[in-house]
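Okay, thanks for coming, everyone.

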Amino acid sequence: MLKMFISPGRYVQGAGAIREIGKHLSLLGGSKALVVGDPVGVRALGDGFPESLKAHGIEFRVKECRGECCQKEIGRLADAGSSFGMDITVGVGGGKAIDIAKAVAHKQGTPLAIVPTIAATDAPCSALSVIYTPEGVFESFLVLPKNPDLVLVDTAVIAKAPVRLFVSGMADALSTWLEADTSYRTGSPGMQGTGSTLAAQSLARLCYDTILADGHAAKLAVEHKVATEAVERVVEANILLSGIGFESGGLAAAHSLQDGVTVLEETHSFYHGEKVSFGILFQLVLENRPQKIVDEVLGFCLKVGLPVTLEDIGITDASEEKIRKVAEATAGADETIHSEPFEVTTEKVYAAIIGADAIGREAKGISPST
Ligand SMILES: [Zn+2]
């Protein structure tokens with residue numbers, strides 16, 4: 001199997017970075033930008049955004065996303081871009097706006113810049129969009145021929161976003177090395193169907209170490225809406241290191257559990273990273289990893305308030321029937337859990353979910369009988 005490493009063309013990060021957006025877009029050769037954004041995200045960028053575009057002679061039109069990342073919405077925005085004569089796409093906001101912008105740029109054949117206004121997932125850097133039906137049901141993965149040309153992250157903007165989103169992004173980042181490491185050791189193909197490089201593995205490990213070292217201090221800073229050096233480091237881990245780490249390093253059981261629990265309605269109000277958080281503990285139990293690493297992860301999650309039990313992700317009534325349904329979905333044939341170094345059965349997955357929940361409950365001081 002060949003190895004492959006992919007990443008965004010350019011990554012820019014720092015407090016006030018938005019004031020440089022015009023300079024970087026003009027380097028991409030754009031002069032008419034279609035800005036695809038969620039309203040909160042566009043507002044969060046403030047005056048620095050339009051001023052920088054104008055200063056570099058870039059005309060722009062802001063189009064707000066409405067609803068899901070679905071074919072209809074992608075078509076509507078692409079049409080708006082065509083009538084404007086767009087030659088560059090800029091995605092502003094959270095996961096949904098970013099995924100829509102990626103698909104619009106692909107459809108229009110323009111360069112793509114992503115400006116995340118939250119650090120909740122590792123989606124901004126990847127060459128992947130998740131397509132849903134207009135009703136919000138998963139439809140397909142759109143694997144794009146290339147990653148965004150530019151990812152620009154203003155940490156002063158990120159620090160003012162809700163802290164729960166920021167912490168959720170830390171769980172998505174914490175899982176990166178644990179999954180990439182499993183995928184690498186078993187020689188499993190990654191997201192692009194290729195093998196992982198030493199570069200991706202090193203960045204994934206750096207991601208893990210950074211979250212453990214700086215995550216708590218960063219959370220405290222974001223609670224006060226300031227971008228300290230710890231915030232800078234965690235933003236880089238959440239967005240860049242985790243993005244490259246998962247895409248070029250590979251996924252394993254933690255993300256399959258994230259997918260699996262979505263069969264239960266009660267988990268839908270929880271963020272991706274929050275479900276991944278319990279997924280990490282699940283993967284460690286499934287792999288029977290040394291106690292030292294379980295304690296390390298558990299200690300961190302408890303300290304920053306990330307989920308470690310089923311109840312923490314909304315599953316208050318964990319009946320055997322429900323958890324067996326989750327286990328079946330988690331062990332689905334298309335799931336990345338099959339990069340684990342042993343045959344994955346529904347029975348093993350069920351046992352590891354219950355085992356992980358028990359460890360999480362004990363750590364939180366919840367008695368087994370309640
Ligand atoms: Zn993820």
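By salt bridge I mean a side-chain nitrogen of Lys or Arg within 4 Å of a carboxyl oxygen of Asp or Glu. Lys 23 is partly exposed, at 38% relative accessible area, and Glu 20 is partly exposed too, at 35%. For those words, buried is under 20% relative accessible area, exposed is over 50%, and partly exposed is in between, with a 1.4 Å probe and protein chains only.

Some housekeeping before I go on. This is a predicted model, where local features need pLDDT of at least 70 and side-chain atom pairs count only at pLDDT 80 or more, while totals for chains, interfaces and linings use all residues. Residues are numbered from 1 along each chain as its sequence is written, and side-chain values use heavy atoms, with hydrogens and water left out.

Helices here are DSSP runs of H or I, at least four residues, and strands are runs of E, at least two, numbered from the N terminus. Now, is Glu 274 buried or exposed? Glu 274 counts as buried, because its relative accessibility is 9%. Arg 164, on the other hand, is partly exposed at 40%.

There's also a pair made by Asp 317 and Lys 322, whose closest N and O atoms are 3.7 Å apart. Asp 317 is partly exposed at 44%, and Lys 322 is partly exposed at 22%. And then there's a network of salt bridges, linking Asp 181, Arg 185, Glu 287 and Arg 289.

In what order do the six strands of the open sheet come? They run β1-β8-β5-β4-β2-β3, with parallel pairing. β1 (11–14) and β3 (59–64) are at the edges with a single partner strand each, so one side of each has no neighbour in the sheet. From one strand to the next, the twist averages 15°. Two strands count as paired if DSSP finds at least two bridges between them.

Let's zoom in on β2, residues 32–37, which pairs with β3 in the parallel sense over six bridges. Ala 33 stands opposite Phe 60 in β3, and Gly 37 has Glu 64 in β3 as its bridge partner. β2 also pairs with β4 (residues 88–93), again parallel, over five bridges. There, Val 35 has Val 90 as its bridge partner. β2 is mostly covered, with five of its six residues buried.

Away from that sheet, have a look at β6 (residues 128–132) and β7. Five bridges join the two, and they run antiparallel. Tyr 132 stands opposite Phe 138 in β7. The hairpin has five residues between the strands, and Gly 136 in it takes a positive phi near 95°.

β7 (residues 138–143) also holds Phe 141. Phe 141 counts as exposed, because its relative accessibility is 52%. Together with Phe 138 and Val 143, Phe 141 forms a nonpolar patch on the surface, with about 310 Å² of accessible area for the three. Patches are made of residues with over 30% relative accessible area and no salt bridge: like charges are joined within 9 Å, and nonpolar side chains (Val, Leu, Ile, Met, Phe, Trp, Tyr) within 5 Å. The areas come from the Shrake-Rupley method with a 1.4 Å probe, and for residues only the protein chains shown count as cover.

Last stop, a loop. Where is Ala 333? Ala 333 lies in the loop between α13 (320–330) and α14 (346–363). At 75% relative accessibility, Ala 333 counts as exposed. The C-alpha atoms of Ala 333 and Val 344 are separated by 9.9 Å, and the two residues are 11 apart along the chain.

Methods: Axes are lines fitted to C-alpha atoms, for helices over the stretch in contact, and angles run from 0 to 180 degrees between N-to-C directions.
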